[in-house]
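Visitor: I have a model on my screen and want to learn how to read it. Where do we start?

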Amino acid sequence: TFSFDAYAVRNGFAAGMITFHDPHSYRSVFYIVEISFDSPDPEETIEVKTTSRQSVTIKIPVHNPSSECVVFDVLFTEEDFFGDKTIEINPNETKVYELVFSPLRSMERTSYISFLNDDQGEFVYELSLKSEPPGVNALAPLSTPIGKHQSTTIAIENPLDKKVLFKVENENPHNFQVVSNQIISINAKEK
C-alpha cells in the first residue's frame, strides 16, 4: 500500500503520473492519477436583502497576508451581479471589494463569489440573497366623461448596465388602449 497527500490552492483538476521503479530488476510500474479539487468551504455567509429593481452594493473585505502585492481574480456567474473581475491588494492590507446586486424580480437564492490567486489560494464567500417584490406604483386617478378619453404616462426604469426589453400586456383592451409599441426597449441606466 502506498499513500500520498495532494495539495491545491484552488479548485479544479490536476493530473500526473506516479512511477515505482525497481533498481534491481529495472522494472517500472506507473499510475496515472487525476484529482478533482473542490472549492473550499466559504469564509463566511453574507446575508443580502433588497427590493427587486433596486441595486444594493455588497462589501466584502479581502485580506492579503503576504509581503507582496497580490492580484486576485474575481469569479461570479450570476447575471444580476456587477463588479470588477480583479482586485489588487497591497502587502499586509485588507481591501473592500464592492459587488453590485441588481435583481429584476423577487426571489430567494444562494450564490457564491470567489477570489482566486495561484499563490494565495481560493477564498469563497456564500451570498444568501433575498429580493422582495417591489412596491405598487399607484397612478393618479383618471376620470373622463362618457364618449371622451383620458391618458397618462407610466415611467419604467432600467437599473442594469445593459439594454433590456419589456413586453407590454393589456388585460382589459375593451376599456384601455396602450399606445406605445408592444415591446419597449430601454437602454442601460435609463428611465
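Guide: Start with pairing. Two strands count as paired if DSSP finds at least two bridges between them. Keep in mind that this is a predicted model.

Visitor: Which residue stands opposite Ile 46?

Guide: Leu 127 in S10 faces Ile 46. The strands involved, S3 and S10 (residues 121-132), run parallel and are joined by 8 bridges.

Visitor: In what order do the strands of that open sheet come?

Guide: The order is S3-S10-S9-S5-S7, 5 strands with mixed pairing. Strand S3 (44-51) and strand S7 (86-89) are the edges. Each has a single partner strand, so one side of each lacks a neighbour in the sheet. On average, neighbouring strands here are turned by 25° against each other, ignoring direction.

Visitor: How many helices and strands does the whole protein chain have?

Guide: The count is 0 helices and 12 strands. The radius of gyration of the chain is 27 Å, while the globule rule gives 16 Å for 191 residues. The value is well over the rule, so the chain is more spread out than a compact globule. The C-alpha trace spans about 105 × 40 × 25 Å along its principal axes. As for burial, 23% of the 191 residues count as buried.

Visitor: Now a hairpin. How do S1 and S2 run, and how many bridges join them?

Guide: S1 and S2 run antiparallel, with 11 bridges. In that pairing, His 21 stands opposite Ser 28 in S2. The hairpin has 4 residues between its strands.

Visitor: Which residue in this hairpin takes a positive phi?

Guide: Tyr 26, near 60°. Tyr 26 is not a glycine. It sits in the loop between S1 and strand S2 (27-37). Tyr 26 is exposed, at 66% relative accessible area.

Visitor: What is the phi of Arg 53?

Guide: Near 70°, again a positive value in a residue other than glycine. Arg 53 belongs to the loop between S3 and strand S4 (56-64). Its relative accessible area is 36%, which makes Arg 53 partly exposed.

Visitor: On to charges. How many salt bridges does the structure hold?

Guide: First the general idea. Side chains of opposite charge can pair when their charged atoms come close. The cut-off used here is 4 Å between a side-chain nitrogen of Lys or Arg and a carboxyl oxygen of Asp or Glu. The structure holds 4 such bridges. One of them joins Glu 98 and Lys 59, at 4.0 Å from N to O. Glu 98 lies in strand S8 (residues 93-101) and Lys 59 in strand S4, so this pair ties together parts 39 residues apart in sequence. Glu 98 is partly exposed at 45%, and Lys 59 is exposed at 52%.

Visitor: Which residues are linked in a network of salt bridges?

Guide: Glu 78, Asp 80 and Arg 109. Arg 109 meets Glu 78 at 3.7 Å, N to O. Arg 109 is in strand S9 (residues 107-117), and Glu 78 is in the loop between strand S5 (70-75) and strand S6 (81-82). For Arg 109 and Asp 80, the closest N and O atoms are 2.6 Å apart. That pair is separated by 29 residues.

Visitor: Is Asp 80 buried or exposed?

Guide: Buried, with a relative accessible area of 13%. Arg 109 is partly exposed at 23%. Glu 78 is also partly exposed, at 27%.

Visitor: Last, which residues form the nonpolar patch on the surface?

Guide: Phe 2, Phe 4, Phe 20, Val 29 and Tyr 31. Together they have about 510 Å² of accessible area. Phe 2 is in the segment before strand S1 (12-22).

Note on methods. Residues are numbered from 1 along each chain as its sequence is written. This is a predicted model: local features need pLDDT of at least 70, side-chain atom pairs count only at pLDDT 80 or more; totals for chains, interfaces and linings use all residues. Side-chain values use heavy atoms; hydrogens and water are left out. Patches are made of residues with over 30% relative accessible area and no salt bridge: like charges are joined within 9 Å, nonpolar side chains (Val, Leu, Ile, Met, Phe, Trp, Tyr) within 5 Å. Accessible areas come from the Shrake-Rupley method with a 1.4 Å probe; for residues, only the protein chains shown count as cover. Helices (H or I, at least four residues) and strands (E, at least two) are DSSP runs, numbered from the N terminus. Axes are lines fitted to C-alpha atoms, for helices over the stretch in contact, and angles run from 0 to 180 degrees between N-to-C directions. Buried means under 20% relative accessible area, exposed over 50%, partly exposed in between (1.4 Å probe, protein chains only). The radius of gyration is taken over C-alpha atoms; the globule rule is 2.2 Å times the number of residues to the power 0.38.
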